[in-house]
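This report looks at a protein model with the sequence and the 3D structure side by side. Keep both in view while reading.

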Amino acid sequence: MRSLLSADLYRLVRSKSLYVGMVCLALMEVWLMKNSAQGSRVVEGMEYQNFFSFTMFVPFGTAAFCGLFFGADLSHKTIRNKLICGHTKGQIYLSHTLVTALATVCFCAAPMGAGAGYGLLNGRIFTLSSEALLGYILCSLASSIAAGALAVLVAALFPNRSVGILVSLLAAFVLFCGAQILCNSLSQPETIPQFTQQTLGENVTIYVPDPNLPQVPNPDYATGAFRIILEFLWKFLPACQATQLTMATVESFGPLLLFSVLFFALVTLIGLSLFCQKNIQ
Amino acid sequence: MEYVLETRGLCKHYRHFNALDSLTMRVPKGAIYGLVGKNGAGKTTLIRVVCGLQDPTAGSYTLYGKRWGERGLAQARRRMGAVVETPSLYPDMTAVDNLKMQCRVLGLPDNKEIPDLLKLVGLENTGKKKARNFSLGMKQRLGIAVALCGDPDFLVLDEPVNGLDPQGIVEIRELILKLNRERQITVLISSHILDELSKLATHYGFIDGGRMVREVSAQELDAACRKCVRAQVTNIQALVWVLDRLNREYSVVDDKWVDIYGAVNISELVGELDKEQCQLLSLKERDESLESYYINLVGGERDG
């Protein structure tokens with residue numbers, strides 16, 4: 001296992017996709033922070049100005065990186081060299097997972113460094129306490145590493161590198177969209193005001209909320225078991241965690257970290273069992 | 001005899017296809033074992049299973065005395081190297097980097113053997129050229145060099161001369177012979193280019209439909225393939241008496257035909273047969289090559 005890790009790290013430091021990914025994510029972070037300065041939250045802390053928005057985009061970088069890095073082992077069949085000399089599929093999978101986790105840390109560090117540098121140069125500061133800031137940074141890393149585990153799983157299942165990258169990016173995109181839908185669904189108010197019709201002039205009719213009428217239940221408000229499931233997914237899925245981190249609305253760091261670890265462990269276990277059954281060509 | 005690899009009733013089933021069907025074989029230590037079979041016979045599947053890329057569905061195999069599933073098999077695998085189908089290389093790395101990578105995989109970070117390996121396979125002057133820019137022959141040789149990392153004493157080569165030009169074929173053949181003679185490396189080599197294989201192999205395994213049809217040594221094959229004259233006579237017993245009297249080596253094919261080995265003096269044979277009131281009906285010269293031996297063997301088994 002140690003020798004496999006040593007070999008994969010040797011490849012990692014020579015991997016162009018790692019450095020390209022880091023540069024792209026750093027530029028993305030600066031661009032997002034620059035745009036946030038034009039909004040209404042200029043006076044607030046840097047953490048509210050898209051500083052943690054990189055957590056939304058790191059899974060895309062990790063998906064592409066995994067497809068290229070792990071996919072190369074499968075599509076160029078170099079994985080055979082590892083199996084022939086006695087390494088198991090499980091060891092190979094775990095080694096790739098660890099290397100991907102390290103690459104993900106680099107992918108997070110690059111935009112954090114670039115964002116902080118850009119913010120400080122423009123006179124912005126963090127307004128959160130150092131404990132809270134540390135919590136955000138740790139949760140960003142944990143969430144991104146958990147998303148990386150999913151990218152490893154997808155890359156491991158597809159022997160064709162291009163297909164693997166495409167599926168991995170699609171999975172990241174679906175999770176990203178799913179997180180936005182989930183966020184929208186959970187932020188719905190339980191009740192909504194009733195509207196009354198008002199006529200302006202001869203031809204214009206508008207509907208306005210009537211404060212004199214009692215509020216009615218919101219049909220889009222999720223209730224019961226469905227709401228419990230949505231709330232669980234909101235905490236459990238890395239894309240949802242990334243949305244919370246981007247909006248800087250994390251209430252408690254402990255559960256978020258725990259769910260990231262659980263997601264990582266679950267996905268890695270599933271990936272291990274599937275990969276160990278896979279026939280290598 | 002000591003065997004590097006033994007398989008017993010090895011089976012590999014894919015959904016609706018039996019790639020290996022109770023295959024049993026033994027590769028003696030120090031041999032160049034030629035695995036002969038047409039496309040789809042199961043050669044590559046056998047190699048994949050033996051190399052640990054795929055698990056057998058049933059049966060078992062033993063590598064250096066360690067049975068499949070035993071704890072010590074991973075350690076035994078470190079004594080083998082393989083090139084399965086195409087060489088497994090990182091195309092964006094140089095020859096040296098590919099070898100460094102394999103040394104790390106094997107836990108040999110000092111890279112001491114890399115210059116010797118490159119020299120052995122004739123790639124010492126490739127410099128910073130990436131593996132993707134190598135010719136097919138160079139890739140094949142680099143693949144063998146990667147397989148030789150860690151100084152293995154069992155080398156598995158699957159169709160190593162496929163797609164190579166004549167010069168490349170000669171280079172690979174000489175390399176394999178050199179490894180076998182100078183480093184005492186046991187080689188399992190699969191090919192359907194029988195003429196090429198006959199220049200290398202000391203043992204043969206004929207595989208068809210996922211089954212081992214026959215295992216023979218090169219000496220046994222030479223004996224089976226040597227030149228002979230097939231004679232047809234009216235009285236087979238008379239011919240046998242005559243051949244015994246003339247002290248000739250022969251083998252009775254059936255009740256009409258006899259194979260006579262060595263040069264035959266036809267006048268003398270006809271004269272001796274005449275004394276026994278036996279007529280020579282026909283004579284056919286036979287020169288069985290590995291190819292015709294294989295076709296007869298596989299065809300015969302199928303007919304049977």
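## Basis of the report

Two residues are in contact when heavy atoms lie within 4.5 Å. The model is a predicted one, in which local features need pLDDT of at least 70 and side-chain atom pairs count only at pLDDT 80 or more, while totals for chains, interfaces and linings use all residues. Residues are numbered from 1 along each chain as its sequence is written, chains are lettered from A and ligands numbered from 1 in the order in which they are written, and side-chain values use heavy atoms, with hydrogens and water left out.

## Two residues of chain A

A:E190 sits in the loop between helix 7 (161-186) and strand 1 (191-192) of chain A. Helices (H or I, at least four residues) and strands (E, at least two) are DSSP runs, numbered from the N terminus. Leaving aside neighbours within four places in sequence, A:E190 has contacts with A:V216, A:P217, A:N218 and A:Y221. A:S140 is 50 residues away along the chain, and the two C-alpha atoms are separated by 30 Å.

Is A:E190 buried or exposed? Buried means under 20% relative accessible area, exposed over 50%, and partly exposed in between, with a 1.4 Å probe and protein chains only. A:E190 has a relative accessible area of 52%, so it is exposed. A:T100, in helix 5 (residues 89-121) of chain A, has a value of 3%, so it is buried. Beyond four places in sequence, the contacts of A:T100 are A:T62, A:F65, A:C66, A:G148 and A:V152.

## Where the chains meet

Chain B brings 31 residues to the contact and chain A brings 22 residues. The size of an interface is often given as the accessible area lost when the parts come together. This buried area (1.4 Å probe) is summed over both parts. Between chain B and chain A about 2,400 Å² is buried, 55% of it on carbon and sulfur atoms.

The two chains share 1 salt bridge, that is, a side-chain nitrogen of Lys or Arg within 4 Å of a carboxyl oxygen of Asp or Glu. B:E85 and A:R80 form a salt bridge, with the closest N and O atoms 3.2 Å apart.

On a 1 Å grid over the protein atoms alone, a cavity is a set of points where a 1.4 Å probe fits but cannot get out; a pocket is an open set with protein on both sides within 12 Å along at least five of seven lines, and lining residues have an atom within 4 Å of a point. Grid points are joined across faces, edges and corners, and a volume is the space filled by probe spheres set on the points.

There are 5 cavities of 30 Å³ or more. The largest cavity has a volume of about 150 Å³. Its lining has 16 residues, with A:P59, A:A147, A:A171, A:A172 and A:L175 closest to the centre. Helix 7 of chain A gives the largest share, 5 residues. Ala, Val, Leu, Ile, Met, Phe, Trp, Tyr, Cys and Pro count as nonpolar, Asp, Glu, Lys and Arg as charged, and the others, Gly among them, as polar. The lining of the largest cavity has 14 nonpolar, 2 polar and no charged residues.

The largest pocket holds about 480 Å³ of space. Of its 17 lining residues, A:R14, A:S15, A:K16, A:S17 and B:D92 lie nearest the centre. By class, the lining of the largest pocket has 6 nonpolar, 3 polar and 8 charged residues.

Key. Buried area is the accessible area (1.4 Å probe) that two parts lose on being put together, summed over both.
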